[in-house]
Amino acid sequence: MTTEILAVGASHKTAPIELRERLALPAGRASRVLAELTGHDDVQEAAALSTCNRTELYLVTTDADEAETEVLGILSRQAGLRPSELLEAMYSLRADEAVEHLFSVTSGLDSMIVGETEIQRQVKRAYELALVEGVTGPVSNRLFRDALAAGKRVRSETGIARSNVSVSSVAVQLAADFLGELEDRRALVIGAGENAELTVRTLHERGVEALFVANRRYERARELAQRYDGRAVTFETLPQELERADIVVSSTGAPHQIVGREELEHVAALRMDRPLVLIDLAVPRDIEPDVRACPEVALYDMDDLQRAVAENMSGREAEIEEARALVREEVERFGDWLESLDVVPTISALRQRGEEVVDHVLRENEPRWESLSEADRERVEVLARAVVRRLLHEPTLRLKGSAGEQTSYRYVHALRELFGLDAALAPHEERAKVTQLDARRRASRR
């Protein structure tokens, strides 16, 4: 039974933010989805990547069609939509296409801002979560390690990441485009994660002196604010801070909106027509979209930022193509390794089949050798096994020599067909261990 790598997901390229926030898989939810997926017999290994711009599931499966249906069902329930409503926004990639996609994502080539580095850390965290949940195996372990290595190589060997453009820098520039100079402005950053920290740093570098950070964990907000000469505030004081702020950037992991239209309408009435820029970097969104109707309020979300960074692609075609060439090299290297997994069990099965033929022939001729001594019987058996080993020696050498080459698949396929090995094919040692782990894990869930 052969395995296949499958990637199913939606991103900023295929789905609007309204759908992406419904598909988002925060850590706890991702753990439940991974457990549900690997509870199916056709899914051996799994990992979930969920960021503000994408939700993707990577599976190692023995039935890609069935696994794809399972993923679509799980994500549709997650989003509260019918599967047919998701189809246009979803993509499904298999084998080399799935591998190349993950490598491109990790390298920043599929990001809203090409070359950004945050995605490398997000892929690493997705892999670590899958490891903790015990749903990885030899194929996905190698897949994600190679993806992270490919991302590192692309950033070190090409100029793809030399641009200082980031989601946070684009967000701050949008604020500057709306308000003008930022030196005398008052900024409030809600959240204390990596995007929030990048935003605080960018605002500080742009000369914003009155800088405030709000977070549910006050100590975390205070640590971040102090690093950039800012001040921490509590969530309870958000209404007052919204009244005084010129710029509000929100980037939390809250499952619900934390700034609503009714609250903003009240704040706007107290601001005396002073303009307010709201930038929502969260998915699911932190700020209710209807606040755009409030007077003197400008709201930008991740889809607005995507339109603003389209020009980031201009003049970078050569760097992007160089990076893609490196990704293709790494994909080919992974493909060579994956193909080599089939060589070892095929050789084992070929030898096993030879031994089975000898055993069968010896048993079949047992009645004819009644007059043979025990020593002669042993000599006949040794001779028979030697003939089989000699006969299989050359095919075995050629198969070993093909490992990692394009001829490998043809040799493996031909031997399996000619010798009828699929039924007898012994699983690779690592795969056997994973299968045992899967069995124990599924048994523990019953």
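## Salt bridges, a helix pair and some backbone details

Arg54 is buried, at 3% relative accessibility. The cut-off explains the label: a residue counts as buried under 20% relative accessible area. Keep in mind that this is a predicted model.

**Charged pairs**

What does Arg54 form with Glu56? The two form a salt bridge, and their closest N and O atoms are 3.0 Å apart. Glu56 is buried too, because its relative accessible area is 1%. So this salt bridge joins a buried Arg54 to a buried Glu56.

How many salt bridges are there? The count comes to 40. Three of them are set out here.

| Salt bridge | Closest N and O atoms |
|---|---|
| Arg54 and Glu56 | 3.0 Å |
| Glu355 and Arg385 | 2.4 Å |
| Glu394 and Arg398 | 3.4 Å |

Take the pair Glu355 and Arg385, with closest N and O atoms 2.4 Å apart. Is Glu355 buried or partly exposed? Glu355 counts as partly exposed, at 28% relative accessibility. Arg385 has a relative accessible area of 15%, so Arg385 is buried.

The pair Glu394 and Arg398 has another setting. Both residues lie in helix α15. They are four residues apart, about one turn of the helix. Glu394 has a relative accessible area of 41%, which means that Glu394 is partly exposed.

**A pair of helices**

Two packed helices are described by the distance between their axes and the angle between those axes. Here the pair is helix α6 (residues 118–133) and helix α7 (residues 138–157). Their axes come within 11 Å. They cross at roughly 165°. Angles over 145 degrees count as roughly antiparallel, so α6 and α7 are roughly antiparallel to each other. The crossing of α6 past α7 is left-handed.

Which residues make the contact? From α6 come Ile119, Gln120, Val123, Lys124, Tyr127 and Leu131. From α7 come Ser140, Asn141, Phe144, Arg145, Leu148, Gly151, Lys152 and Arg155. By type, the contact of α6 with α7 holds six nonpolar, four polar and four charged residues.

**Loops and backbone**

Now look at the loop between β9 (276–280) and β10 (297–300), where Pro284 is found. Is the peptide bond from Val283 to Pro284 cis or trans? The bond is cis, with omega near 5°.

Glu296 lies in the loop between β9 and β10 as well. Glu296 is not a glycine, yet its phi is positive, about 60°. Glu296 has a relative accessible area of 40%, so Glu296 is partly exposed.

Met272 is found in the loop between α12 (261–270) and β9. Phi of Met272 is near 55°, again a positive value in a residue other than glycine. Met272 counts as exposed, because its relative accessibility is 69%.

**One last residue**

Where is Gln226? Its place is in helix α10 (residues 218–227). At 55% relative accessibility, Gln226 counts as exposed. In sequence, Gln226 and Val213 are 13 residues apart. In space, C-alpha to C-alpha, Gln226 and Val213 are 9.6 Å apart.

Note on methods. Residues numbered from 1 in each chain as written. Predicted model: local features only at pLDDT ≥ 70, side-chain atom pairs only at ≥ 80, totals over all residues. Heavy atoms only, no water. Salt bridge = Lys/Arg side-chain N within 4 Å of Asp/Glu carboxyl O. Buried < 20%, exposed > 50% of the residue type's maximum accessible area, 1.4 Å probe, protein only. Helix = DSSP H or I, 4+ residues; strand = E, 2+ residues; numbered from the N terminus. Axes fitted to C-alpha atoms, helices over the stretch in contact; angles between N-to-C directions. Parallel < 35°, antiparallel > 145°, perpendicular 65-115°, else oblique. Left-handed = near helix turned anticlockwise from the far one by under 90°. Contact = heavy atoms within 4.5 Å. Nonpolar A, V, L, I, M, F, W, Y, C, P; charged D, E, K, R; others polar.
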